[in-house]
Amino acid sequence: MNLRSIVWKELRERPTAMLTGLLAIFLGVAALVAIRHVTVFSEQEVAQQLSTLGANILILPKNATLQDYYSADLSEATLPESHASTILMASLPGVEKLSPKYCVPIDFAGKQTILTGILPQEEFEAKSAWQSVSMFSKTKHVGCAKAESCGPTDNSPESLASRRSIEKLDAHELVLGADVATKSNLKSGSSTVLFGEQFRIVAVLPSTGTVDDGRIFGHLHTIQRLAKTGEVVSAIEVLGCCEDAAGQLVPQLSALLPDAKVVTISQVVQTQVGVNRLMAKSSIFVLGVLVLVGGTSVASSTSSNVRERRREIGTLMALGATPGLVARLFLTKAAWLGLVGGVAGVGVGVLIAVVLGPQWAGVSISPLPYLSIGAVAAALVVALAAAFWPALRAARLDPCTCFQDA
Amino acid sequence: MFQLQDVTKIYSRRGRHVAALQCSTFEIPDGDYAAVVGPSGSGKTTLLSVLGGMLSPNSGKVLVDGASLYDQSIARRAELRRSLMGFVFQTFNLVPYLTALENVQVPLYLAGHSKKDQCERAAELLRRVGLGERLDHKPSELSTGQQQRVALARTLANDPKVILADEPTGNLDPDSRKVVLDFLDELNSEGRTIVMVTHDAAAAERAKRWLRLVDGSVTAAAVGKLQIAA
Ligand SMILES: Nc1ncnc2c1ncn2[C@@H]1O[C@H](COP(=O)(O)OP(=O)(O)OP(=O)(O)O)[C@@H](O)[C@H]1O
Ligand SMILES: [Mg+2]
């Protein structure tokens, strides 16, 4: 027999009495943990996109919708391919590379797949030499520290995944996204048939967690010919050498191409930033609800528990229990409630975030230990604080109640 | 054992004052067996509470073994109850969600005994009151007489010098009453002081002397010298 076993045995006798308090804490913690997890990972995702794609600019058809940088080129509207040459000839400082793309949805190996035509960099070099235009990096963006390190370092086709451009791709060569490769069972070196023509797969991209995993990349001009669209593109990606350059390039490009929409990655992620802000706010609201509803129901169930057990408390005091021990009896019970509700809430909250996070916010989520421990601690503190006054009242009960009739 | 010096206890409720206890000096010596008798509302339970260190009197002193009870801290008085006093209640006051064994363990836990000690001593005490076969029964699974015997075992857990009983036989059938009273006799013969509130003439007969309370005032008399008007 000890304090803990007394608390446990009383709790086991009538578990339903404390159920509302437990439920309130559980639900509050679950909601809080789920929302916080999604928010944290979504914010990380935005930050990551800003840092890796911060220097990039998208040139899109005017009416293209913007939800996600990676799928920005999936709208049906198109731009003339000649825009790429226009940008090239303007030789704007800070432009590192151009990557025009054309996308067409196809059925590949029984799956909906995006066939993306991309223009390899070496063709720009040929073009610029032929048109005697200086190649991009000759006119550096002034004051750009990163500009020094700009330029090709990794020319393998796999670098397309992160560098978003490809150095070299022949007319009948393909690069597969990670998901397409696994689903169709194709490897680098194997060949396949598209629109009745034979293609060789030169590379499989590493998984990126974006829509790019479901793409097949081919040569822009081959795809245009197969889709019979003429010289059009869905988007032109301008790879600036740094974020500052991107900021200065936007007005220049807008002036250069009045019929196109020119956006930076920070504009693309703006909606998500807004959503994240809303989620951050609502998590404060949920915390408030947890404190208020969870706290009140723990306080009220502890209060009525103290009332019901007056004679038992008096008897314990007659047997020599100190007021401090009586208070601890109720505080321990509340602590269990907070702990159990908190741990269960964290478990379910994390599960909800992991399962639903990809659908809600398009981010994959893994459990955050500090957040989880923090949430359990918060539940514990709320439960203890709520039970404090009722426990104090129990401690101050008149021991003479032991002589009263039930 | 106990010395009361001009103790008064006045309850004040909504402006009305009830003098529940008013007694000049009297003593309950070591090894005494006193029956507290008197009509309902005469202050018997109040007296017991004052003796048990659970109710501060408005004036006067209560000495326990020469030390003033109410000049000590609440925690110290709790400790005195734990080590020195045992209580028996009319309604038994067993903890409903604990088994017989666990109920007897509670005062042992409060006194800081190890789990093993608690179990051994509690089982031994329950065997002593004839409930060796009922260790794992909850109070609701015991007869009223058995419940009072569990309560007696619990009272004896910390080997108290004094037993304060408030109508211990009030809720019992004649057979159980006899068992409980025999026990109290036995405990008194072991040298323990007993103060027992009772309405039961037969129970009062067993005491060495009576304390008769009328409107909070105590008059002490030897056995047989006073009529019980309860
Ligand atoms: N907590 C209290 N507040 C106010 N008055 C009280 C309180 N407890 C007892 N009293 C009053 O004090 C007087 C003595 O009460 P007490 O309980 O000591 O009587 P008793 O002799 O034990 O009666 P009974 O035989 O019915 O148990 C009664 O008049 C009662 O109304
Ligand atoms: Mg009474």
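1. A nonpolar core here is a set of buried Ala, Val, Leu, Ile, Met, Phe, Trp, Tyr and Cys residues joined through side-chain atoms within 4.5 Å. The model is predicted. Its largest nonpolar core has 39 residues. Those with the most contacts inside this core are A:Ile57, A:Ile59, A:Ile87, A:Leu98, A:Ile216, A:Val238 and A:Leu253. Strand 3 of chain A supplies the largest share, six residues.

2. Take A:Leu253 as an example from that core. Leaving aside residues up to four places away in sequence, A:Leu253 touches A:Ile57, A:Ile59, A:Ile87, A:Leu92, A:Val238 and A:Val262.

3. Searching the whole structure gives four cavities of 30 Å³ or more. Residues of two chains line it: A:Ala318 and A:Leu319, with B:Arg81, B:Arg82, B:Met85, B:Gly86, B:Phe87, B:Pro107, B:Arg154, B:Thr155, B:Asn158 and B:Pro160.

4. Which elements of chain B each supply at least two residues of that lining? They are helix 2 (74-84), strand 7 (85-88) and helix 5 (144-156). Strand 7 gives the most, three residues. By type, the lining of the largest cavity has six nonpolar, three polar and three charged residues.

5. The second largest cavity has a volume of about 50 Å³. Its lining is made by A:Leu58, A:Tyr69, A:Tyr70, A:Ala72, A:Asp73, A:Ser99, A:Lys101, A:Arg164, A:Ala235, A:Ile236 and A:Glu237. Strand 3 (95-108) and strand 10 (235-240) of chain A give two or more residues each. Strand 10 gives the most, three. The lining of this second largest cavity divides into six nonpolar, one polar and four charged residues.

6. Back to helix 5 of chain B, one of the elements lining the largest cavity. How many of its 13 residues are buried? The count is 12, so the helix is largely enclosed by the rest of the structure. Buried means under 20% relative accessible area. The buried residues include B:Arg149, B:Arg154 and B:Thr155, and B:Arg154 and B:Thr155 also line the largest cavity.

7. What covers the buried residues of helix 5 of chain B? The cover includes helix 11 (310-318) of chain A. From chain B it includes strand 7, helix 3 (100-110), helix 4 (115-128), strand 8 (162-166) and helix 6 (174-189).

8. The length of helix 5 of chain B also checks out. At 1.5 Å a residue, its 13 residues should span 18 Å. Its end C-alpha atoms lie 19 Å apart, which agrees.

Key
Residues numbered from 1 in each chain as written. Chains lettered and ligands numbered in written order. Predicted model: local features only at pLDDT ≥ 70, side-chain atom pairs only at ≥ 80, totals over all residues. Heavy atoms only, no water. 1 Å grid on protein atoms, 1.4 Å probe; cavity = no way out; pocket = protein on both sides within 12 Å on 5 of 7 lines; lining within 4 Å. Points joined across faces, edges and corners; volume = space filled by probe spheres on them. Helix = DSSP H or I, 4+ residues; strand = E, 2+ residues; numbered from the N terminus. Nonpolar A, V, L, I, M, F, W, Y, C, P; charged D, E, K, R; others polar. Buried < 20%, exposed > 50% of the residue type's maximum accessible area, 1.4 Å probe, protein only. Contact = heavy atoms within 4.5 Å. Expected span 1.5 Å × (residues − 1).
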